[in-house]
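Here are my notes on the aromatic rings in this one, jotted down as I went through. Have the model open while you read.

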Amino acid sequence: MFILVDDLGWSDLGFMGNPVYDTPNLDLLSKESVVFTNAYATAANCAPSRASILTGLNTPKHGIYTVGSSKRGKDINRKLIPIKNTTILKENFTTLGEALQENGYINATVGKWHLSENPITQGFNVNIGGTTAGHPKSYFSPYKNKALKDGPKGEYLTDRITTEAINFIVKNKKKPFFLYLPYYTVHTPLQGKEELVKKYDIKVNEDSRFSAKYGAMVESMDANIGRILTSLKELNLEKNTLVIFTSDNGGLAAVSSQFPLKAGKGSYYEGGIRVPFLVKWPAKIKQPKITETPVSGLDIFPTVMDAVNVHKDYSLDGVSLFPFLTKNKVVKERALFWHFPIYLQGINKVKDQARDPLFRTRPGSVIRKGKWKLHEYFEDGAIELYNLELDIQEKNDVSKKHPEKVKELYNLLKVWRTNTNAPVPKELNKNYIE
């Protein structure tokens, strides 16, 4: 079972240190799981992240870099012509669903799909609620979702998605199944249950770092994850079910502060790409623990295939975490890469959270290796280097103090771009005004 929450930030859960939002079920799950505190999304917003998770391939290989157009923000502020974005995951890519389906699994996706019109053609036997839509029109029925029948008026979408997921488990409890549970929550629109919003109005108490509506959505999400985990226990499936929980990208900083991380969704500073990540499998993982080992959403595909003992070469970009999870074998240090040859406009500006006030993301690439993280920007060739071990907030650019480290990481980044045919925008925008 793979639970993917939409826009849930690294700092939004109790066990990750959030002082306001109540998440008792996930807090308990964290004590029963391997918790990765240095886990990363494959991209800073939803469509590219989901495409990379489900194909195991980094963004240059499928060409999905954002939602919709790559020409975001005002034309006069874009110095370069961005690389054209791909909006639909092409069917020639093998998805995790297809790989499992080929090996005898019955698969369901319940919730947000966002990669094509219908996931049935890409490895899933059952689709409930999944379309090209990136967010719901309403969290309360009627949903106006052609892949989900409306429930009673006022029914809450997160509750309904969970009920559908539980029904799938019950129906297929005696078969090998893969449940992909990509909740629409906690993506906007911010709509929580009235009683919970009132509760968080009191808890938030006008603290601008937090949101009452968002807190209500987080708590509902947590309660529903509690429901589905309870169902696994009641059906005697808990021991033999691999459960992975994470988010598709960082939290929206304008809604919920990602402190101590910088920025949020849409940015390639830590707040935009660092995410909560839990793995539980009682039959195989005997020792719950917290680890600082850096991992990526790219690792999910190879880890799952290793877990089901399928060793076909899918030419994936991640690594299997299975030996680490089950035998405590060290994950070899490696570089993690992000590539975004596009623009993503600013939103609800948060002080000191972006390189400039106009964009959350300008064209560039990022590499993290060990404690070091390097940002490169294509417009002006600027380089930023951070020591995350000492500066998780990415406040102090130390590129001038460590020229050899800059050279090392930059060379690795250039080689990676060459090897992956990562497109770099070079054409100047004639409408740009400095």
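1. Start with Phe210: at 10% relative accessibility it counts as buried (buried is under 20% relative accessible area, exposed over 50%, partly exposed in between, with a 1.4 Å probe and protein chains only). Keep in mind that this is a predicted model, where local features need pLDDT of at least 70, side-chain atom pairs count only at pLDDT 80 or more, and totals for chains, interfaces and linings use all residues. Residues are numbered from 1 along each chain as its sequence is written, and side-chain values use heavy atoms, with hydrogens and water left out.

2. Now look at Phe124 and Phe178, a tilted aromatic pair at 6.1 Å centre to centre with 35° between the planes. Rings of Phe, Tyr and Trp (its six-membered ring) pair if their centres lie within 6.5 Å; planes under 30 degrees apart count as stacked, over 60 as edge-to-face and the rest as tilted. This pair links distant parts of the chain, 54 residues apart: Phe124 is in the loop between strand 4 (106-110) and strand 5 (126-128), and Phe178 is in strand 6 (residues 177-182). Helices (H or I, at least four residues) and strands (E, at least two) are DSSP runs, numbered from the N terminus.

3. Phe124 and Phe178 are both buried. Ring pairs also join them with Phe2, Trp113 and Tyr180 in a cluster.

4. Tyr21 is worth a click too: it counts as buried, at 2% relative accessibility.

5. As for charges over rings (NZ of Lys or CZ of Arg within 6 Å of the ring centre and within 35 degrees of the ring normal), the charged end of Lys262 sits over Tyr269, 4.1 Å from the ring centre. Lys289 lies over the face of Phe324, 4.2 Å from the ring centre.
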